Each structure stands twice: as C-alpha cells, then as structure tokens.
Amino acid sequence: MKPGVTMARWALLLSIQSANAVEMDKQTVESAKRFLATYLELTNKANINLLTLYRDSANITATVTTLDRATSERQLSGHKWKQLLRETWYNGQPSVEPIELHDVTIKRLGENNLEITAHRYAMRRCYWDNQYRVVIEKSAGGMYQIVSETLLIDHQNQCQRPDTTTIKQEIKIVPN
C-alpha cells in the first residue's frame, strides 16, 4: 500500500465523527477503529483473509449496477458472499477493489453490536457509495465480525480521463 494511502487511512480512522463515539467507552471505539483498519487493509490489498471478517450468517445487501446501467438488488448470506468472493480470488480476478471510507460514523446498536456508516469511494472505478452501512458484532472471543453489510457495486468505470496527455509543467535546470 502506498504511504500516502496508509496515512490517509489512519487520518480517516482518527477523524471518525466523535458525536456518537462519546456515547461509547474508549475501548469500544478503539476496537471499532482497529476493526475498520483491518477491514480496509485486507480489502485494499485484496487479501483473502478479508473473508474471516464475515459471519456465515451475515446478511449482505448489494445493489449492483451493470455496464449497461441496469440496477438490481441482491440479498446474500455471509456464507454465499464469501463463496462468491473466494471464487473470484481463485480465478485471479478478486472482486474487491481498493476503497476509502469518508465521513465515518459509529453508533452502538446493542451491547455487542455497532453500526458503521460511511461514504465509500471505490478507487479503481471512481464511484461513490453514499449509503454504505455495516453492522459488526463482538463474538464470545471478543473479536468483531460483520453481521450485516449494505453496499453499492457499480461495474462502470467512472474515472475521468484527462483531456490531454500533455503535462504542462515548467522544468528548471539549475547549472552546477
């Protein structure tokens, strides 16, 4: 991962909106930040260990927009979601892509459940998912796992190509 991306990730995690964090104890907030850091690192490195962050019983809702702009919503269990992701890893085409999370909010839903909402930016295809939501639950072992996730997957590349390939810059040559 590029140093700038790593720094941006940590800045993001440190700047998680504190309005909801105040309602939680420091240990819970730090645990949630560590979970998010792990989630981002595994996602951005396309590391198959990402699958361990999902419970088999998780509810995944993916709104998918295809290349021809047709949109459908798919409901998957965590088991099925992990199976689909595993298949793409082993055929050499990981379906996860590097992301950034912006405007992250953490809210307690219950004693062991936290809801995390954010604006999710997909860096490879340059699109925003402004309704991103994930619910994590602490297991008996004290580790968080995803029990619910709602995300947008847009297959169309929305990155802007430059108008020109000429880079206008001034180059100065300093004599010895």
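Reader: Which residue's side chain does that of glutamate 115 join in a polar contact of 2.6 Å?

Author: The side chain of arginine 133. A polar contact is a pair of N or O atoms within 3.5 Å; within protein, one must be able to donate a hydrogen and the other to accept it, and residues adjacent in sequence count only if both atoms are side-chain atoms. This is a predicted model, in which local features need pLDDT of at least 70 and side-chain atom pairs count only at pLDDT 80 or more, while totals for chains, interfaces and linings use all residues. Residues are numbered from 1 along each chain as its sequence is written, and side-chain values use heavy atoms, with hydrogens and water left out.

Reader: Is glutamate 115 buried or exposed?

Author: Buried means under 20% relative accessible area, exposed over 50%, and partly exposed in between (1.4 Å probe, protein chains only). Glutamate 115 has a relative accessible area of 14%, so it is buried. Glutamate 115 sits in strand E4. Helices (H or I, at least four residues) and strands (E, at least two) are DSSP runs, numbered from the N terminus. A contact means heavy atoms within 4.5 Å. Leaving out residues up to four places away in sequence, glutamate 115 touches residues including Thr105, Lys107, Arg133 and Val135.

Reader: What does the side chain of arginine 120 reach?

Author: The side chain of arginine 120 comes to 3.0 Å from the backbone oxygen of leucine 152. Arginine 120 is also found in strand E4, and it is buried at a relative accessible area of 6%. Residues up to four places away in sequence aside, its contacts include Ile99, Tyr127, Asp129 and Leu152.

Reader: Which residue in E5 is the bridge partner of arginine 120?

Author: Aspartate 129. Two strands pair if DSSP finds at least two bridges between them. E4 and E5 are antiparallel, with nine bridges. Eight bridges join E3 to E4 (residues 113-122), again antiparallel, and isoleucine 99 has alanine 122 as its partner in E4. E5 and E6 are antiparallel over six bridges; there, valine 135 pairs with serine 148 in E6.

Reader: In what order do the six strands form the sheet?

Author: The order is E2-E1-E6-E5-E4-E3, in an open sheet with mixed pairing. E2 and strand E3 (99-108) are the edge strands, each pairing on one side only. From one strand to the next, the twist averages 15°. Axes are lines fitted to C-alpha atoms, for helices over the stretch in contact, and angles run from 0 to 180 degrees between N-to-C directions. Helix H3 (residues 26-44) packs on the sheet and touches E1, E3, E4, strand E5 (127-138) and E6; the direction of H3 makes about 155° with that of E3. H4 lies across E1, E2 and E6, at about 65° to E1.

Reader: Which residues of H4 are buried?

Author: The general idea first: an α-helix has 3.6 residues a turn, so residues three or four places apart point the same way. In H4, the buried residues are Gly78, Trp81, Lys82, Leu85, Thr88 and Trp89. Seen down the axis of H4, they fall within an arc of 125°, so they line one face of the helix. The arc is that of the directions from the helix axis to the C-beta atoms. Strand E1 (54-65), strand E2 (71-77) and strand E6 (144-154) are among what covers them.

Reader: How far does H4 reach from its first C-alpha to its last?

Author: Helix H4 (residues 78-90) has 13 residues and reaches 18 Å, close to the 18 Å expected at 1.5 Å a residue. The expected span is 1.5 Å times one less than the number of residues. Glycine 92, with a positive phi near 85°, follows H4.

Reader: Which residue other than glycine has a phi near 55°?

Author: Most residues other than glycine have a negative phi. Cysteine 126 has a positive phi, near 55°. Cysteine 126 is in the turn of the hairpin of E4 and E5, which has four residues between the strands. Arginine 69, also not a glycine, has a positive phi of about 75°. Arginine 69 lies in the loop between E1 and E2 and is partly exposed at 38% relative accessibility. In the hairpin of E5 and E6, with five residues between the strands, glycine 142 has a positive phi near 90°.

Reader: What pattern does the protein chain follow along the sequence?

Author: The pattern is α-α-α-β-β-α-β-β-β-β, from four helices and six strands. Of its 176 residues, 39% count as buried.
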